[in-house]
Structure formats: C-alpha cells, structure tokens
Amino acid sequence: MTAEFVLSGVCHAYGAGMDALEGIDLTIEAGQHVAIVGANGSGKSTLLKMLDGLVFARAGVIEAFGHALTEDALEDPAFRREFRSRVGFVFQDADVQLFCNTVFDELAFGPLQLGLMPEDVRTRVAETAEALRIGKLLDRAPYTLSGGEKKRVAIASVLTMRPQALLMDEPTNALDPRSQVWLLDVLEEWKRAGRTVVIATHDLSAAAESCDRMIVLSEDHRVVADGAPEEVLARRDLLLSVNLIHEHAHRHGADRHVHPHAHEHEHA
Amino acid sequence: MIPALQHMGDPATRSRRGHRSLARRTADALGRAVADVLENDELASTPGLMQSLDPRVKLVSILAFAVATSLVHSLPVLLGLTLTTVAFAAASKVPLASFAAKVWSTAGFFGALLAAPAATAWITPGPVLVPLGPLSVTAPGLLIAARLVTRVAAGAGFGLLVVWTTRWTDLLRALSAVGVPELVVATLAMTQKQIMSLLRTVENMHLARESRMLSVGTVHENRGWVVERMAFVARRSMKTADDVYDAMLARGFDGHMPSLAALRTRAADWGWLLTSAAVCALALGIDRMVFPL
C-alpha cells in the first residue's frame, strides 16, 4: 500500500484558546476506508479540511500523494489541478456545496474546472446522475430540492470529478433511513473500486458499517485510538471518556438498568 | 394540560386589538417571499407565448421595448405599449390581476410619487385643473405626470414579464450568453441562493420566537430583538460565504466559471424578434408622425 496522506505533529488553532487539533500523527494508505470519530468540537471537520488543503496547519507537516500540502504548494496551478482532481470533499452542509444555477451545472462544475472537454463533461454528468438516481433533478435549481436530494447532488457533484480519495464530513447527517442505506451502498462500491474514503462523523454505527479503520479524537483534540472499528468500539471506557457514548438508564418492563448509549440512535 | 400562566397571557399571535405579533407578521411575509420565488419558477414552466421563447431573444426584445418606451412622448402611444404588456401577459398565461397589481401598486405608485411635483403649477405652469395654491394641478403638469407614470408602468411591465416567464436559471444563462461576465452571473446566482437560504433562516427564527412568546411584546422589545437578529444573520451570511468559497475551492475553482449552457434559437424566436422590432418601430413612428411634439 502507498500512503496518500501523512500528517506529522500537526497542530491547529482558530485563535487564542480555540485549539482545533493537537499533535496529530497519521498515515492514511491508498484504498483505506477511515472513520474519524469524536464528539462535537473535537476537530474532525478541521482535520478533513486540512486533508483537502482548505485549512493549513499552524505546526507540523501534511503530505498528500508524496508532496507537502501547503498554501504555497496550492498556489502552483499544476499542483492544485492535480490535487483537486484526486481529492473530493463532501461538506457537512449540502447547502454550502450547491452554489450553481442548476443540478446539471452543479455536477458539471468540477469537471469543467479540471478542463475536460464539453462532451466528456456531459458524459460524466449523465453517468453520475444515473448512478445516483438524480437524473430527474438535473434541470432543477438546488434550492428547490429536499434535504436528502441536496445531499445526493452534493455527493454527485464531487463524484463527477472521479477523485481518488473522497473526504466526507458527517455524511449521514440529515439523511432519512433509506438515504443512509443508499449512502452506505455508495461507500461500499467505492471500497470495491479500491478508492480511499475518509469520513468524519459521530455516527458510530455508520462509521463501523462503512469503514475498516477508526480514528478517535478526544475532546482535547488529540488522537486517542486508531484501529479496526470492532476493536475501538469494544473500548467502552475510552468511548465514554471522549464523550462518544454516555451512560443511559432505562426500563425493560420492571427492570431498570444502565448501559452505554451512543450519541445518535445506536446502542453501543 | 396547558399551564395556568399561558391562559393568563394574550395569545402569542394576537394583541388585545387583534393585531398579529411582529414575529408572526414577519414570518408570514418571509414565507410569502419564498413562495413567490417558487411560484415564479412554476409560472415560468407553464406553456405560454413568452415562456416558449429563447431567453436571450426575450432579453434583447425587452431591451428594445424599454428603449422604445423611453423614447416615446405621446400618452396614447405609451398607453398602447402598456396595453401591449397586458396582451403579452395574457398570452403567457400570467394572472392579469396579479400582474396589474404588481406593476401598478409598485412601479405605478413610485412613479406617481416621483411625478407628483411635476403636475403642480410650481414646476409646470399652465391652466389650473385643481386649484391648491402653489401646488395647484395644471393641465400640462398632469400630462407630464401621466406620461411619466405610464412610461414607468410600461417599462416595469416588460421587465416583470421577462422575470415571470423565464426560469431564474435560464435568465442567468441568457445574461451569460449576451455577454455579462461569468463571475457577475455566478455572483447573481449565489446571491439569490443566499437570499433564499437567509429568508428561511430568518423565517424560522421568527417562528421559534413566536412559539415561545405569550404576548406580542412591546415595540421597544421587538425592535431590539430584530436588530440583534439582523446582526446574527449578517454574521451567519459571512460565515456561509466563506464556506461556499471553500466548497468552490475544493472543486477546483480558480476564478473562472465555465458553463455548458445550451440555449437554442428557433424560427419562432426570430419571428418574435422581428415582430418586436416592428412594434417598437411602429410605436416610434406613430409617436413622431401622428403626435409630434
């Protein structure tokens, strides 16, 4: 396996006393499906943005595909084009990601930025729309779509760029159960195709189902666990300490008992 | 059971005089604004004369009508152009009552406000029709004011027809096709999207406030709350703008907005363009020859 992303001693803060990441050392290999889990504010989204070259480390080094990922490096048009064509980012808020006039324009935006020929762009848009079952939406304005449709379009808008690595911030957020299953199927296809996926989430069930590696960020913004999902999820004390699960008391008939409970809807 | 406290207060949405609360009124207005935009898109998708035209052709022809309207001096010809807008609206299945209300209650009203001084003896001397001292309405003044109001209404009517019979996305494509820079068009698109998103946010904020209010609140309280929320929305819109820019960068944005916009001009579009040119020429011809200054 080759390393796609290497982070060494990475730290970041948004201002005095607003630390986002502390001493992060990570290597993400090509083809891995990685879940970065942590409570709200633990630094998951910041880490993803760093992997996409949208936020830069205050200390430490980030390498992507064997090259230093810095603000200066991304000023170079050749490197920027190469990097953007290889890494796709699905934002947590689909509304933020959908900025074009129509769904068609949204799907065509990335390939056009990469300089593809119009015919190739149309082909990619048509293929992706069919695969994600959004063909009927192509002529619609994004703001007229439902939450689930927006999420599909947001994902499709990145997939048309055919990235090698896909970064997704809270991908199951605001999705109804059927759309969640659909998303897990999409991720499964990506796994079979050998592409890298990094998701940031606090939905432990989705993370366990779609990933083969789980990295846990603590509330003080450090990596406190890194391993197979089943191993990480078995460490209940750790999950309790990082605020990913909590003690939950309830009754089954006449019996009242306490057991750990995940943040979303999943019993750990 | 409803707590006794809630029985004691006025209903959240109405005061003793039956007035609705600021929160409810604002939320309703914002909801209507969003609904208006969505209804416009629906109307633009309805089969009709102007809906069937290439948006570029529509833009050019409306520009021609606007120029003709501004050059015409005679009131009968201006009235004729105004009636033309009504005929176009009818042929495009635009609800006439709504069209007339929008044109006359906004453009007509503001036009009348601007034109009112010109109708007085103070600005335009002449035979007095309504004696009111220095503010007496004179015959030539009234004619000037009527011309101005009719001109504004005709121009606004043509503009409104384009907006109502063209999907927003097609309008942006048309602007792009007629040479408006891509970045300007992209900015317009994002602005509209942002406005829609912020309208929803503000509407929800007002509804959330109303759901927790037991009275309509004083004017002072309402004003303070509105100012505070305006600051919040401004901050939020700035953050959203940053996030949208990040999302653009993530998909390779480098300052250009290439597009695959495909608009087709058919024989009917050329026919419309020629007819529009003929109507404008006819209007100017009648104005100059039948009603010379």
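How much area do chain A and chain B bury between them, and what share of it lies on carbon and sulfur atoms? In this predicted model, the two chains bury about 2,700 Å² between them, with 59% of that area on carbon and sulfur atoms. The size of an interface is often given in this way, as the accessible area lost when the parts come together. Counted by residues, the interface brings 34 residues of chain A into contact with 29 residues of chain B. On the side of chain A, the trio A:F99, A:Q113 and A:Y143 supplies 27% of the area that this chain buries against chain B, more than any other three residues.

Charged pairs also span the interface. Side chains of opposite charge can pair when their charged atoms come close. Between chain A and chain B the count is two salt bridges, and the side chains of A:E106 and B:R251 meet in a salt bridge with an N to O distance of 3.2 Å. Over all chains, a search of the whole structure finds 15 salt bridges. Among them is a pair within chain A, where A:R222 forms a salt bridge with A:E22 and the closest N and O atoms are 3.8 Å apart. This pair links distant parts of the chain, since A:R222 belongs to the loop between β9 (213–217) and β10 (223–227) of chain A, whereas A:E22 sits in strand β2 (residues 19–29), and the two are 200 residues apart.

From α7(A), the residues A:R152, A:I155 and A:L159 meet A:S179, A:W182, A:L183, A:V186 and A:W190 of α8(A). By class, this contact has six nonpolar residues, one polar and one charged.

In chain B, the axes of helix α8 (residues 182–211) and helix α9 (residues 219–250) come within 10 Å and cross at roughly 140 degrees. The two helices, α8(B) and α9(B), are therefore oblique to each other, and their crossing is right-handed. The residues that meet include B:M190, B:L198, B:V202 and B:R209 in α8(B), and B:W225, B:F232, B:R236 and B:V244 in α9(B). Taken as a whole, the residues of the contact of α8(B) with α9(B) divide into ten nonpolar, six polar and four charged.

Also in chain B, helix α4 (residues 75–91) and helix α5 (residues 96–115) pack at an angle of about 145 degrees, their axes lying 10 Å apart, and here too the crossing is right-handed. Their contact is made by B:T82, B:T85, B:V86, B:A89 and B:A90 of α4(B) together with B:L96, B:F99 and B:W104 of α5(B). In this contact of α4(B) with α5(B), six residues are nonpolar and two are polar, with no charged residues.

Methods. Residues numbered from 1 in each chain as written. Chains lettered and ligands numbered in written order. Predicted model: local features only at pLDDT ≥ 70, side-chain atom pairs only at ≥ 80, totals over all residues. Heavy atoms only, no water. Axes fitted to C-alpha atoms, helices over the stretch in contact; angles between N-to-C directions. Helix = DSSP H or I, 4+ residues; strand = E, 2+ residues; numbered from the N terminus. Parallel < 35°, antiparallel > 145°, perpendicular 65-115°, else oblique. Left-handed = near helix turned anticlockwise from the far one by under 90°. Contact = heavy atoms within 4.5 Å. Nonpolar A, V, L, I, M, F, W, Y, C, P; charged D, E, K, R; others polar. Buried area = accessible area lost by both parts, 1.4 Å probe. Salt bridge = Lys/Arg side-chain N within 4 Å of Asp/Glu carboxyl O.
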